[in-house]
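Keep the sequence and the coordinates side by side as you read.

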Amino acid sequence: RGLRILVTGGAGYIGSHVVKLLDALGCRVTVLDDLSTGFRELVHWGTFVQGATGDVPLLEDLFAAGRFDAILHFAAFSQVGESVAYPMRYYQNNVGGTMVLLDTALRHGVRRFIFSSSAAVYGEPLQLPIDESHRCLPTSPYGATKLTVERLLQDCAQAHDLGFGCLRYFNAAGADPSGVIGEMHDPETHIIPRLLGVAAGLEGAFSVFGQEHDTPDGTCIRDYVHVNDLAWAHVLVLQALMDGSRGLIYNVGNSRGYSVMEVVAAARAVTGCPIPVRFEKARPGDPAVLVADCTKIKAELGWKPRYEALEMMVATAWNRHKR
Ligand code: UFG
């Protein structure tokens, strides 16, 4: 309550849900977003500043104008396939932008930093479920940028008095039950919004990427975690940093996997629409199975997902979609 928090990428999908929660908890939130992939209409709370994390004069002004107790850094490009085609763009924005942000923050005395990392840091899993001690060997530039920033934070924490938290998200899904905010990407590549687009008649059929993966039904298995459960994990990490914790790294997932066809079935059940599917080639670089071991965040911070059921994730996304 009363904490001053800078949220970069607060006009994005996950960032906007965290902003809503922080606002409800009485924090004073400033959202920094350049709207390159975010949406102004997702910013309903706090003070909005339009700009990039790599904009040195803007950041100088922002930090000179008011002290922040912590930074929650969501702003990043997040499309795995795009990162393969345009690696420089990803390194420039995700790593370069973070370097400017962190450097400015440290010079202005900010000592708490929470970073949106990703299951993509692990690469192809060696064993399942994946815990935080699993080796990190990203298979995409996107994953490499996330791992590079984790390393940057660890190095800066050693040199300066910095407390940081890295949350390795598995597949964020669903929307706030209010329907005021939700998942929006342009172009949309994520499974649940694409399924709902077909249900709403925006597209004729849903493309299933790959039918011959090494899974029971041949389609990829992912660990879907509700965006509000993810948001709550940030609040717990913030609390731990305020209480003096230093370097925290946690997986955030549901600890169970669903295949693409199970998500299709859930979307059919929730929307009551048949949702025709067509089977296509596997997406290059898609691991067959990603499932998180979340024992650490549960044991250390008492985090517990509230929206565990896949139907709940799809239903809250559908509620938003209909608006
Ligand atoms: N899928 C389809 N058809 C679609 C879209 C997706 O079959 O039209 C499949 C994918 O092949 C994958 C699953 O649905 O098996 C989930 O795909 P998403 O694109 O929704 O999510 P990803 O698992 O590819 O990626 C997400 C985040 C990344 C992050 C990654 C970490 O978007 O930023 O999780 O595991 F890096």
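Start at Leu 35, which is partly exposed because 15 other C-beta atoms lie within 10 Å. The scale behind that word runs on C-beta atoms placed from the backbone: a residue is buried if 20 or more others lie within 10 Å of its own, exposed if 12 or fewer, and partly exposed in between. Leu 35 sits in the loop between β2 (28-33) and β3 (47-50). Phi of Leu 35 is near 60°, a positive value in a residue other than glycine.

Two notes before going on. This is a predicted model, in which local features need pLDDT of at least 70 and side-chain atom pairs count only at pLDDT 80 or more, while totals for chains, interfaces and linings use all residues. Residue numbers start from 1 along each chain as its sequence is written.

Ile 275 also has a positive phi, near 45°, and is not a glycine. Its place is the loop between α8 (260-271) and β13 (277-280). Ile 275 counts as partly exposed, because it has 18 C-beta neighbours inside 10 Å. The backbone has cis peptide bonds to look at as well. One runs from Leu 128 to Pro 129, with omega near -10°. Pro 129 belongs to the loop between β5 (112-118) and α5 (141-159). Another runs from Asp 186 to Pro 187, with omega near 5°. Pro 187 is in the loop between β7 (171-173) and α6.

Now the overall layout. The domain assignment gives domain 1 (4-172 + 224-252) and domain 2 (174-222 + 255-322). Such bounds come from an automatic or database domain assignment. The C-alpha centres of the two domains lie 23 Å apart. Across the boundary, 35 residues of domain 1 are in contact with 30 residues of domain 2; contact requires C-beta atoms, placed from the backbone, within 7 Å. On the domain 1 side, α1 (13-24), β10, α7 and β11 each supply at least two residues. Helix α7 gives the most to that side, with eight residues. By class, the domain 1 side has 20 nonpolar, ten polar and five charged residues. In this scheme Ala, Val, Leu, Ile, Met, Phe, Trp, Tyr, Cys and Pro are nonpolar, Asp, Glu, Lys and Arg are charged, and the others, Gly among them, are polar.

Tyr 224 is found in strand β10 (residues 224-226). Is Tyr 224 buried or exposed? Tyr 224 counts as buried, because 24 C-beta neighbours lie inside 10 Å. Beyond its neighbours within four places in sequence, Tyr 224 is in contact with Asn 171, Ala 173, Asn 254, Tyr 258, Leu 310 and Met 313. Glu 308 is 84 residues away from Tyr 224 along the chain, yet their C-alpha atoms are separated by 8.6 Å.

Strand β11 (residues 247-252) is mostly covered, with five of its six residues buried. Strands β6 (residues 163-169) and β11 run parallel and are joined by six bridges. Two strands pair if DSSP finds at least two bridges between them. Within this pairing, Cys 166 has Ile 249 of β11 as its bridge partner.

The largest nonpolar core holds 96 residues, and Leu 195, Val 252, Val 263 and Val 314 touch the most other members. A core of this kind is a set of buried Ala, Val, Leu, Ile, Met, Phe, Trp, Tyr and Cys residues joined through C-beta atoms within 7 Å. Helix α7 (residues 227-242) provides the largest share of this core, eight residues. The core draws at least three residues from each of domain 1 and domain 2. Leu 195 touches Phe 206, Val 263, Val 264, Ala 267 and Ile 275, leaving out residues up to four places away in sequence.

Finish at the ligand. The shell has 21 residues, and the closest are Ala 119, Ala 120, His 190, Phe 209 and Cys 220. A residue is near a molecule if its C-beta atom, placed from the backbone, lies within 6 Å of it. Both α6 (191-199) and β8 (206-209) supply at least two residues of the shell. Strand β8 gives the most, with three residues. The shell divides into eleven nonpolar, six polar and four charged residues.

How values were computed
Helix = DSSP H or I, 4+ residues; strand = E, 2+ residues; numbered from the N terminus. Contact = placed C-beta atoms within 7 Å.
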